[in-house]
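Hi,

Here is the structure I promised to pass on. My notes follow below it.

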Amino acid sequence: MSTPRNPCRRAEAELSAYALSLPETDVAPPGRSLDYFRYLRVAGKGFAVFGARDEEADELTLTVKLPISADMAADLPFVRESTGWYKRHNWVIAHFGPEDDVLAELETLKAWMRQSYLAVAPRKLARQVAGD
């Protein structure tokens, strides 16, 4: 498979590959009314969501659960304010547009995906990954 030229699609491909390398992860089948979302799951529970309503091809939105660093992440320029249930449960929304350097943030986003995985995964899987 070739590497996408669009930085946001390239970042999504790399982040997806990283997430799918974690134990018992998969991509949820697309929903009928929510085709613009791409869910990554561990043992059937969502831990990362790509996409947003009206997202353009040169944009990337990633939503993850950050029980440890949600407050710190909120101050970053590419983080959108979460509201309601998402905010109460420490879900953070990172959004990158065509002018943003998403590739410079890949390591941060991978760490966030790992933290989200650990927050959602069954204890046995979380211990296995945390011990790495």
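What share of the residues in the protein is buried? Buried residues, meaning those under 20% relative accessible area with a 1.4 Å probe and protein chains only, make up 40% of the 132 residues.

Before the rest, some housekeeping. This is a predicted model, where local features need pLDDT of at least 70, side-chain atom pairs count only at pLDDT 80 or more, and totals for chains, interfaces and linings use all residues. Residues are numbered from 1 along each chain as its sequence is written, and side-chain values use heavy atoms, with hydrogens and water left out.

On overall shape, the radius of gyration (over C-alpha atoms) is 14 Å, which agrees with the value near 14 Å for a compact globule of 132 residues; that rule is 2.2 Å times the number of residues to the power 0.38. The C-alpha trace spans about 40 × 35 × 30 Å along its principal axes.

As for the fold, there are five helices and six strands, in the order α-β-β-β-β-α-β-α-β-α-α from the N terminus. These are DSSP runs (helices H or I, at least four residues; strands E, at least two).

Now the strands, which count as paired if DSSP finds at least two bridges between them. β1 (residues 25-27) runs antiparallel to β2 (residues 38-42) over three bridges, with D26 bridged to R41 in β2. β2 also pairs with β3 (residues 45-50), again antiparallel, over five bridges, and Y39 sits opposite V49 in β3. β2 and β3 form a hairpin with two residues between them, and A43 in the turn has a positive phi of about 50 degrees.

Cheers

Notes:
Buried < 20%, exposed > 50% of the residue type's maximum accessible area, 1.4 Å probe, protein only.
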